[in-house]
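Trainee: Could you take me through one loop in close detail, and then show me how it sits in the rest of the chain? I'd like the cut-offs spelled out as you go.

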Amino acid sequence: MTKVYYNGDINEAVLSNKTVAIIGYGSQGHAHALNLRESGVDVVVGLRPGKSFDQATADGFDVKTVREASAAADIIMILLPDEYQTAVYKAEIEPELTAGKALAFAHGFNVHFNQIVPPADVDVFLAAPKGPGHLVRRTYEQGAGVPALFAVYQDVTGQAKDIALAYAKGVGAGRAGILETTFREETETDLFGEQAVLCGGTAELVKAGFETLVEAGYQPEIAYFECLHELKLIVDLMYEGGLAGMRYSISDTAQWGDYVSGPRVITAETKARMKDVLTDIQTGKFAKGWLQENQLNRPEFTAITRRESEHQLEVVGKELRELMPFIKQGKKEVGSGAKN
Ligand code: NDP
Ligand code: MG
Ligand code: MG
């Protein structure tokens, strides 16, 4: 099995004389900044004026412009939305990225797809919690952590790996386990997972199941419960005990139906389409399309988001969730998790 690093394997002293600039104070940014500070790391936050700026200030941080924070720091962690990182990097970070500093990311997209090309004389690493930012913060406060990946892209100081591990420990991931990867592996598997399985695959599976029942004359409310609401309960069982753990808890009838019908729905044809999706990620075709879509101010993204919000599943679901106030408690995490 691949090596998993825990707190005891990691020397946080490599951060003791360093300042970390957290650029961005959104889902990941607020969690990294607060957790690192409580782990004893010297943190400055870099932002433009606005909502996040006010929040970080209220949380007691030394908040500067992105350029000033980059100038003040030894380690610059970019936690802006991926699609805006390149412009901010070129204008405000690159000029302050002097020899021997470290540039860090929580997702490899911009480095791997050549949007950000770091100078040759800085360390470049990845420290990516495998969970939404609000969970990264909440688990840290509870004394636990979210697992993380780390990767070293460039090591000029000879310390890049130790710094990456110490950073991940400071965020709390050393309590849960830290695995080594590469920028390429993290970027391609992250994109594939969210497209084929976690977000794209699951959303289409849920919609197709819902539509099949409604078109056959069943009540949309019943279809919603069967195809969407119960999914969380099943996924929780998979999370705790894998497929076997899930199958242990469901009825034998459900388990038999799983065996005979699952492979009729997700077929060899589906897997061939997954391979196409992976190929588009590996060749850069997906990245190119997403970057172009952003340059054009997201016409297709906007149209699809509107169309999806009008789907009967969403209309019925909104009404039903109003009747289940207990669901709202987890809304913050669900919303931010969907971003990555
Ligand atoms: P968010 O969208 O939650 O946060 C964005 C932050 O960037 C906000 O504080 C926003 O401030 C600030 N910002 C946006 N544009 C600018 C700008 N031009 N100048 C200065 N600040 C700006 O981002 P995420 O936390 O979701 O993502 C950050 C990174 O973490 C990405 O690389 C992502 O892939 C990665 N990641 C995210 C995960 C998640 O849970 N969401 C999980 C793992 C990795 P303002 O209020 O001013 O708009
Ligand atoms: Mg059932
Ligand atoms: Mg992602």
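Mentor: Let's start at Arg298, which is found in the loop between α13 and α14. Helices here are DSSP runs of H or I with at least four residues, strands are runs of E with at least two, and numbering goes from the N terminus. Before going on, some bookkeeping: this is a predicted model, where local features need pLDDT of at least 70, side-chain atom pairs count only at pLDDT 80 or more, and totals for chains, interfaces and linings use all residues. Residues are numbered from 1 along each chain as its sequence is written, while chains are lettered from A and ligands numbered from 1 in the order in which they are written.

Back to the loop. Asn297 lies in it too, with α13 covering 285–295 and α14 covering 299–309. Most residues other than glycine have a negative phi.

How open is the spot? Count the other C-beta atoms within 10 Å of a residue's own, with C-beta atoms placed from the backbone: 20 or more is buried, 12 or fewer is exposed, and in between is partly exposed. Asn297 counts as exposed because it has 8 C-beta neighbours inside 10 Å. Arg298 has 14 others within 10 Å, so it is partly exposed.

Now zoom out. The domain assignment, which is automatic or from a database, gives domain 1 (4–182) and domain 2 (191–337). Their centres, taken over C-alpha atoms, are 31 Å apart. UniProt, in an unreviewed entry, lists residues 182–327 as "domain: KARI C-terminal knotted"; its positions use the numbering here, feature names are shortened, and annotations may be inferred rather than shown by experiment. That span is 85% helix and 0% strand, and its end C-alpha atoms lie 37 Å apart.

A few other places in the chain are worth a stop. UniProt's unreviewed entry puts a "binding site" feature at Ser251, in the loop between α10 (220–249) and α11 (252–265). Ser251 has 9 other C-beta atoms within 10 Å, so it is exposed. Gly201, in helix α9 (residues 200–215), is partly exposed because 18 other C-beta atoms lie within 10 Å. Its C-alpha is 23 Å from that of Gln292, 91 residues along the chain.

For contrast, UniProt's unreviewed entry lists residues 2–181 as "domain: KARI N-terminal Rossmann". That span is 36% helix and 22% strand, with end C-alpha atoms 10 Å apart. The chain's open sheet has nine strands in the order β1-β9-β8-β7-β6-β5-β2-β3-β4, with mixed pairing. Here, two strands pair if DSSP finds at least two bridges between them. β1 (4–5) and β4 (62–64) stand at the edges with a single partner strand each, so one side of each has no neighbour in the sheet.

Strand β2 (residues 19–23) has four of its five residues buried, so the rest of the structure largely encloses it. Five bridges tie β2 in parallel to β3 (residues 42–46), with Ala21 partnered by Val44. β2 also runs parallel to β5 (residues 75–78) over four bridges, where Ile22 stands opposite Met77.

Ala168, in helix α7 (residues 160–171), is buried because 27 other C-beta atoms lie within 10 Å. A contact needs C-beta atoms, placed from the backbone, within 7 Å of each other. Beyond its neighbours within four places in sequence, Ala168 has contacts including Ala127, Phe150 and Ile178.

As for the whole chain, there are 16 helices and nine strands, and 33% of the 340 residues are buried. Of the contacts with a separation of 6 or more, 65% join residues 24 or more positions apart.

Note on methods: Contact = placed C-beta atoms within 7 Å.
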